[in-house]
Amino acid sequence: MTLQGWFLILAFTGILLALAKPVGLWLHALYEGRRTPLHVVLGPVERGFYRVAGIDPAAEQGWRRYALHMLLFNVVLMAFTYAVLRLQGVLPGNPQGLPGLSPHLAFNTAISFTTNTNWQSYAGESTMSNLSQMLGLTIHNFLSAATGIALAFALFRGFARREARAIGNFWADVTRVTLYLLLPICVAYTLFLIASGVPQTLAGVVDVRTLEGARQSILLGPIASQEAIKMLGTNGGGFFNANSAHPFENPTALTNMVEMLSIFVIGFGLTWCFGKAVGNTRQGWAILAAMTILFLAGTTVTYWAEASGNPVLHQIGVAGGNMEGKEVRFGIAASALFSVVTTAASCGAVNAMHDSFTALGGMIPLFNIQLGEVVVGGVGAGIYGFLLFAILAVFVAGLMVGRTPEYVGKKIEAREVKLAVLAIAVLPLLILGLTALASVLEPGLAGPLAKGPHGFSEVLYAFTSAVGNNGSAFAGLSANTPFYNGLLGIAMWGGRFFIIVPMLAIAGSLAAKKHTPESAGSFPTTGGLWVGLLVGIILILGGLTFLPSLALGPIADHLGMIRGQLF
Amino acid sequence: MGKDFTSALRPAIVMTILFAALLGLGYPLAMTGIGQALFPDRANGSLIRDAGGRVIGSEMVGQAFTTGRYFQTRPSAAGKGYDGLASSGSNLAPTARALADRVRADVAKRRAEGVTGALPADLVSASGSGLDPDLSPASALAQAPRVARVRGLPLAQLRALIAERTEASVFGDPHVNVLALNRALDALPRVALPGVGRADLPSR
């Protein structure tokens with residue numbers, strides 16, 4: 001580990017902490033539906049959309065209707081992308097002349113991008129035409145992110161409103177977030193990326209005669225516009241197979257820093273926005289403190305493990321940290337940091353190959369996703385996931401002191417706790433259940449590249465990533481088979497919507513409740529004790545649930561690695 | 001619920017079409033237009049051309065250098081090596097026998113060239129993209145004696161060239177772009193050193 005590496009990590013965290021409030025203020029304006037300076041330009045677009053679609057943005061929806069409209073929109077979007085991918089061969093914008101995708105790959109990819117997972121069973125450069133990248137995939141990068149933020153707004157309203165039936169209008173939330181937050185940032189972001197060396201063209205392959213006289217083909221395309229929203233919307237689906245490790249997606253250390261910041265920035269802002277929405281910004285800061293502690297702890301472990309390197313290679317005569325699967329322009333610190341950021345959030349973009357990380361270095365990304373990606377988390381999904389844990393934490397605190405738990409002015413009763421447990425139980429049920437299935441069935445066993453415990457890690461990581469809607473991979477796994485495409489598709493769908501529906505039910509149930517003023521007997525949810533309790537609950541729940549699976553995979557792998565055992 | 005369902009269907013379908021037009025076509029096409037106008041070189045891949053106008057590479061993308069007279073790039077898992085249509089890492093596990101075998105072979109190759117001591121990790125590890133354009137300064141320096149020998153150049157001159165070409169960044173590690181370094185190498189004026197000739201090239 002180097003001083004410069006720590007400077008990078010602390011600078012990264014410091015910049016985000018400074019951005020939390022300004023971004024939160026902007027989000028809060030959208031949450032309340034207030035006018036922003038951008039309305040001058042984009043207001044007519046917003047109103048035009050509502051008019052054509054027959055939407056009354058002021059018509060508030062109860063949680064059931066909010067959920068129905070959200071689900072139906074996502075189903076239609078998914079069908080649209082499925083069609084674009086299947087018809088790729090006959091559609092324009094295909095300079096490489098690529099054929100349409102197989103049914104199981106199109107199914108998997110359509111679900112993957114709809115659920116903000118962006119798991120990629122395919123290699124972008126040899127599978128997706130320019131039109132598919134733009135029309136099939138880029139729109140999901142915007143709309144799955146906007147859906148996540150809209151859902152977070154709905155839950156915020158559940159906490160903030162008193163004796164109310166409605167939790168907002170889904171269409172208004174999605175449209176405002178897309179037009180006034182995601183799109184304008186992406187326009188500026190895309191220009192920055194192009195200026196830094198990310199291509200943006202409709203051309204395809206360029207033929208190169210290298211200095212040594214060999215032939216090389218270099219693929220260009222509309223890369224920058226997709227890269228921007230891929231990071232900002234915590235999507236993670238790369239234009240290229242190598243994702244943000246590819247020099248055309250992430251050409252410099254500076255673009256790398258900006259890409260990492262853009263993964264977290266909305267998530268940080270949403271914690272502040274939550275505090276503001278419930279009338280006490282310290283509530284937001286407390287959440288952010290718990291997230292930051294977990295994030296820095298994970299970063300420390302992965303950075304240490306990667307900087308320590310691989311003892312197997314040290315034996316052979318190699319110096320220093322682990323560079324397998326990493327790019328020189330980033331180095332070990334920026335690669336380790338990126339891996340923790342991308343899995344703490346449900347982004348899943350990678351600038352280094354997690355599969356080739358040291359055993360413990362790769363365990364942290366895996367564990368981050370297993371914790372439910374609530375350490376900052378995906379845009380929207382992170383904070384609503386975290387609030388489910390907060391409900392459990394006040395419940396536990398309530399059990400300890402023997403009072404009905406309260407959180408931000410709402411009594412948390414049996415219904416909310418049951419629904420929160422239902423949502424959180426989806427993670428272990430799907431992750432461990434499907435991993436077990438793939439570990440005993442023939443087509444599942446055919447997947448891993450690695451032998452020994454690391455092979456199990458590859459399978460475990462795949463289902464963890466899919467259920468967590470992350471999308472990163474231990475990419476040695478050969479996942480483009482009907483077995484994995486199908487099962488991972490189900491995992492992604494379940495991991496997204498089986499959590500969202502109970503979460504919205506909680507929002508509806510909370511909105512209907514009276515406000516309970518804070519009293520001397522209330523458990524304070526702003527101080528250090530609360531932050532410690534949150535961190536403890538998340539670690540204990542995640543640890544108890546997933547430690548056995550980690551012991552079979554990365555921990556066994558680590559013990560082998562330090563003894564020099566090869567597979 | 002039936003009536004709710006049909007009333008939700010229209011906005012779902014219409015908004016899909018509208019957003020597809022705005023985000024799937026309008027946004028990327030507008031950005032392409034603006035990018036092409038403002039940064040034509042960058043937007044088209046930062047291509048490098050020779051005097052005859054032929055494309056010899058991109059500033060951003062690594063290409064294979066395997067002969068002794070050039071600084072060689074890292075091992076690559078992109079296709080058969082530096083395949084621009086098949087970016088990929090090796091995805092080998094830290095405990096994979098295939099990884100240990102590959103690294104051992106690469107270490108042996110460097111030893112045969114006369115490199116002593118522990119080798120810089122990046123020189124014998126495959127990058128994440130398989131298209132890494134850079135080397136660490138240490139990996140370039142480790143190759144300098146060989147390049148000096150093959151080209152008949154003073155070692156000090158190559159060391160100076162590497163130092164001059166090393167790019168530092170606050171947010172990443174120091175690195176040397178191999179294509180730029182090798183082009184600078186080709187541009188160096190030739191000085192004949194006594195007693196060194198082509199016959200002394202290490203055979204590969």
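**Figure 1. The two domains of chain B.** Chain B is assigned domain 1 (2-43) and domain 2 (47-200); such bounds come from an automatic or database domain assignment. The C-alpha centres of domain 1 and domain 2 of chain B lie 43 Å apart. This is a predicted model: local features need pLDDT of at least 70, side-chain atom pairs count only at pLDDT 80 or more, and totals for chains, interfaces and linings use all residues. Residues are numbered from 1 along each chain as its sequence is written, while chains are lettered from A and ligands numbered from 1 in the order in which they are written.

**Figure 2. A stretch of chain B with a UniProt label.** An unreviewed UniProt entry lists residues 12-30 of chain B as "transmembrane region". UniProt positions follow the numbering used here, feature names are shortened, and annotations may be inferred rather than shown by experiment. Over residues 12-30 of chain B, the chain is 100% helix and 0% strand. The end C-alpha atoms are 25 Å apart. Helices (H or I, at least four residues) and strands (E, at least two) are DSSP runs, numbered from the N terminus.

Figure 3. Buried means 20 or more other C-beta atoms within 10 Å of a residue's own; exposed means 12 or fewer; partly exposed is in between; C-beta atoms are placed from the backbone.

**Figure 4. Where chain A meets chain B.** In all, 102 residues of chain A are in contact with 89 residues of chain B. Contact means that the C-beta atoms of two residues, placed from the backbone, lie within 7 Å. On the side of chain A that touches chain B, helix α3 (residues 63-86) of chain A gives the most, with 8 residues.

**Figure 5. The largest nonpolar core.** This core has 247 residues. A nonpolar core is a set of buried Ala, Val, Leu, Ile, Met, Phe, Trp, Tyr and Cys residues joined through C-beta atoms within 7 Å. Leu182(A) is among the residues that touch the most other members. Helix α6 (residues 130-160) of chain A gives the most to this core, with 19 residues. Leaving out residues up to four places away in sequence, Leu182(A) touches Phe142(A), Ala145(A), Ala146(A), Val177(A), Ile229(A), Leu232(A) and Gly233(A).

**Figure 6. Thr302(A) and its contacts.** Thr302(A) lies in helix α10 (residues 281-308) of chain A. Thr302(A) is buried, with 27 other C-beta atoms within 10 Å. Beyond residues up to four places away in sequence, Thr302(A) touches Ala336(A), Ser339(A), Val340(A), Gly361(A) and Ile364(A). Ser339(A) is 37 residues from Thr302(A) along the chain, with 8.4 Å between their C-alpha atoms.

**Figure 7. Positive phi in a loop.** Most residues other than glycine have a negative phi. Asn243(A) is not a glycine, yet has a positive phi of about 60°. Asn243(A) is found in the loop between α8 (223-232) and α9 (253-277) of chain A. Asn243(A) counts as buried because it has 32 C-beta neighbours inside 10 Å.
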